[in-house]
Amino acid sequence: MSQANAAQLLNTLRSPARALQAFGEVHDQRTGRFIKYNPTAITHELQHAVLDYMSNTPRLPTGETVFLSLLGYRQAGKSLTTEYAAYCKAAFIPGWDHVCIADNRDRADYLHKRVHYLHQRWPESLRSKSMATRESRQLTFDPLQGGKMRVLSAESGAVGVGQSPDSFHACLGKGTMVLCGETGALRPIEEFRVGDLVRTHSGQTAPITYISSKEKMAWRVKLFGFAEPLTVTPEHKLWTNQGWLTLQEVAERKARVGFPILRPSGQVRELPFEQPVVERPQGGGSNEVGIPETVHLTYPLGKLVGLYLAEGSMHSERSVTFSVHWDEVSRTVDWLDEERFLFTNATFNFRANSQTATVYVSGRSFAHFLRNLVGEKDEKRFPDRWWEMPEEFVRGIVHGYLSGDGHSNKHKYNRRITLTSIRSATITGLRDALAGLGYGWGTIRRRKAGNHYGRNCQEAWILDLCGSGVDRLARDLGWESPPRTRRGVTKNWNLEEDGEHVWVAIQDVQPLPGLQEVYDFEVGHEDHSYCLAHIAVSNSEVHLWSDFSGSMFLINPSLINRREALVVFEATPWERNCAWHDHYVMAKQGSGRHIAKFFPFWDGKLNARPTPKDFQPTNEEVELLNRYQSLGLTTDNLTFRRFIMDTDPEVRRNPEMFGVMYPFDDLSCWIASANAAIPQHCLEKHLKKELQPWSGPYMEYEMPEAGAIYVIGVDPSGYAARDHASFQVLKCWKDEWTQVASFAEHIDPLSFTNQLLRAANRYNQATICVESNGVGQSVLALLQERDYRNVYYEARFKPGFTSTSKSLDQATGWLIDGLLDELVLNDRDLLEQLQTYKNDKRTEESPASEILRGASSNKRRDRHHWDKVSALLMAVVAARRAPVREKPGANLKGPDENVIMFTGMSYDEQEHYRKKLAEDKQPTRKKLSYRSVRKRRR
């Protein structure tokens, strides 16, 4: 082969777009065979875009390569295509070092195996020689031919390029009680083994796939309602009412940690009632007669199950014993009589010198049923997967248990119902069932073994139920309960319930001395979480790295100065204002070396189903077609959407999740942040509108209109702090405030004021409302120096708007009202900021967060800039005070008396006019005359 041909072949091998299609063979999951790689097999454009980036990488004007951030849909082969493309670089360019960081260990193993298969099936005559290595998930080539490929896990040790920092995966301390997914018992974390079941934060059960243990700095956390403290590392992810947060973030945001509420669904309404096989050495024996094959889960049966959990025992395979008080014998016999077809007979016996009676129930099938359902002796537990059983059956279990081993406090200042058990599995099941039945959330405490009440007692778990649920439960049981002294529903400020979760307040956080032995699990479930006694924790972020920002902090230094580096970030959408969302938004804005590409779900060829002949689109589907049909959406894609929404459990429960897993656009595809200041429903009408992409620093969406009233909201952010200044121009007609211009840029106060004045004069001498805190005073002084008279005053001699905690809450409320009603937005970038806005001007460093971080940052905005939103807040404040004018062409129902232009009038003149107008509108009242009437004497 000539040198020219050899060079041409080498260039082909180094170009993923050409080499993969010519020589690559990949595993086809549908047929189980290896086939030629085809980038259009499952996508229309996405895989081509990845190959094109890796083959013909765009560059900045300075000559450096750009970094690609790819946002797409599920099952598009984004990760695998990138790894295949990187193989062409690493295998045929000497010294090329490729690093892939997957979100978890399983994903890393999968990607490495697939690349290894690609290498093995590459034509042998063209294959680079691989070298033996001691590193896992690494493919090293002959140094004369290529470099190496590594696949790392973001949740394990080596997450830096060329570095080996400590794991980003957080851990829990020794002794922390974890909820067993099989029995519901509370067990110390160190007693769990790989394969044991745990409960996830959504109420599912899943096996432990990996357990790690190491020594770290840790904190002791005391939660309301559970006496046993947790030992947690500060970076551990906790499930809260504001999403997945670290302990540090929980302290900063004063969030509450969560636990799932499970409600009986009635999916399982009957269970097998089997007769056990009897084998006697001497032969013989008899079967029970008239025993059913299945038993319906009813309220009376539930009462017997609950009474067995509280007072029952099993001394043989054919009988069950209930130990009850003398006064409860007749009640127990009545309960048994309701289910007499389940056993042979029942007898009772009064114990001598005791107030306890024993009720014997003979029936091998009955004993076998109870043993399988709730266990016996120390293995007693609440029924497995009780939330799939009927509500009346679960209520019967709770009432039966309380009748046997519960009591009500009669003191009017301590109204509570208390349950006690020596088995944690029983007490946690009762707590969850009480919450699922609507009685409220009970608190759990542990009483250690020792001398209590003048006698030796075993270790016990105690459940206390307080609040308004006590009245309902006592009424259902026929118990006496002291009258309530409060009206309405009792509010426990340490607990919040939203129907699906209970949110618990953290009472105390204390550092532990030295290094603590800590553990953590990896869970084989998409929830990636497991429940403790009162809280759910996470072992990795769904769809994302466990610490994207922290990992990037370690990776960036090794990439930022490499002119030829090829970098691909890819994922599906997730929560707004998470690290991945922030990164994608910055890439979309062209920040630094980053660019962004988005692909809607109809780019995937697998995301389509044949349209039925009788297909009739719904109103929602018609709206989707009108909006996205020109971009490629078809009825086949809508048929696929119907299929997913009918069959995927997660999407059936949360229909909005379809747009996250299979996005329509890169604006509406993010899950609303739980702690966002602007509710999602306030932005729906704006999300449906075609908005203009930002290409600032100044954009006009409408030309000035004669006779229109304009206001400008101003956020003059700090120039020295590298913050952006912004202003928003609104055109204010009656019932309609339209965004007509926008400015956002890092700029000095003088230049910013000049730009502001040009816009104000252009838009009919608009009213300017400036946030007067801090640097806002310099802008106000410059406006006064330029003799600009149309400035918003919040009070006499007080120009501008002063931001305080109270005034910002009020202004945010006005903004929300405006988004629902009057506001018309044109700026796509502003809408993205509104989606993630979190009252950044109120974010302060709390003492707890300073302790967790180790030092005070003295910064107000560490995470994000929402300067456009701040400016819009000021514009809304001014718009509410602006004169009202009907839009041209509107049908006026009366004289236009409320229209007045304030341009050119001073603040005092405006106030004088308003006062005079108010006096003129005061109705005149005729003075009443009174006449004295004397009663005449008879």
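Four strands come together as an open sheet in the order 20-21-23-22, with antiparallel pairing (strands are DSSP runs of E with at least two residues, helices are runs of H or I with at least four, and both are numbered from the N terminus; two strands pair if DSSP finds at least two bridges between them). At the edges sit strand 20 (312-316) and strand 22 (345-350), each of which pairs on one side only. From one strand to the next, the twist averages 25° (axes are lines fitted to C-alpha atoms, for helices over the stretch in contact, and angles between N-to-C directions run from 0 to 180 degrees). The model is a predicted one, where local features need pLDDT of at least 70 and side-chain atom pairs count only at pLDDT 80 or more, while totals for chains, interfaces and linings use all residues. Residues are numbered from 1 along each chain as its sequence is written, and side-chain values use heavy atoms, with hydrogens and water left out.

Inside the sheet, strand 21 (residues 319-325) and strand 23 (residues 356-362) run antiparallel and are joined by 7 bridges. Val-320 has Val-361 of strand 23 standing opposite. Helix 8 (residues 329-338) packs on this sheet and touches strand 21, strand 22 and strand 23 (contact means heavy atoms within 4.5 Å). The direction of helix 8 makes about 145° with that of strand 21.

Helix 7 covers residues 299-311, and its 13 residues should span 18 Å at 1.5 Å a residue (the expected span being 1.5 Å times one less than the number of residues). The end C-alpha atoms are 18 Å apart, which agrees. Of those 13 residues, 11 are buried, so helix 7 is largely enclosed by the rest of the structure (buried means under 20% relative accessible area, exposed over 50% and partly exposed in between, with a 1.4 Å probe and protein chains only). Among the buried ones are Pro-300, Lys-303, Tyr-308 and Ala-310.

Further along, Gly-713 is found in strand 39 (residues 710-715). Gly-713 counts as buried, at 0% relative accessibility. Leaving aside residues up to four places away in sequence, Gly-713 touches Ser-726, Phe-727, Gln-728, Cys-769, Ala-871, Met-874 and Ala-875. As for Ser-742, 29 residues away along the chain, its C-alpha atom is separated from that of Gly-713 by 9.8 Å.

Then there are the charged pairs: a search of the whole structure turns up 28 salt bridges (a side-chain nitrogen of Lys or Arg within 4 Å of a carboxyl oxygen of Asp or Glu). One of them joins the side chains of Asp-337 and Arg-340 at 3.4 Å, N to O. Asp-337 is partly exposed at 41% relative accessible area, and Arg-340 is exposed at 53%.

The side chains of Glu-620 and Arg-641 also meet in a salt bridge, at 2.9 Å, N to O. Glu-620 belongs to helix 15 (residues 619-628) and Arg-641 to helix 16 (residues 635-647), so this pair ties together parts 21 residues apart in sequence. Glu-620 is partly exposed at 47% relative accessibility, whereas Arg-641 is buried at 7%.

Helix 15 also supplies Glu-623, which pairs with Lys-688 from the loop between helix 19 (684-687) and strand 38 (698-700), so parts 65 residues apart in sequence are tied together. Lys-688 is partly exposed at 49%, and Glu-623 is partly exposed at 39%. Elsewhere, a network of salt bridges links Lys-588, Asp-666, Arg-828 and Glu-832.
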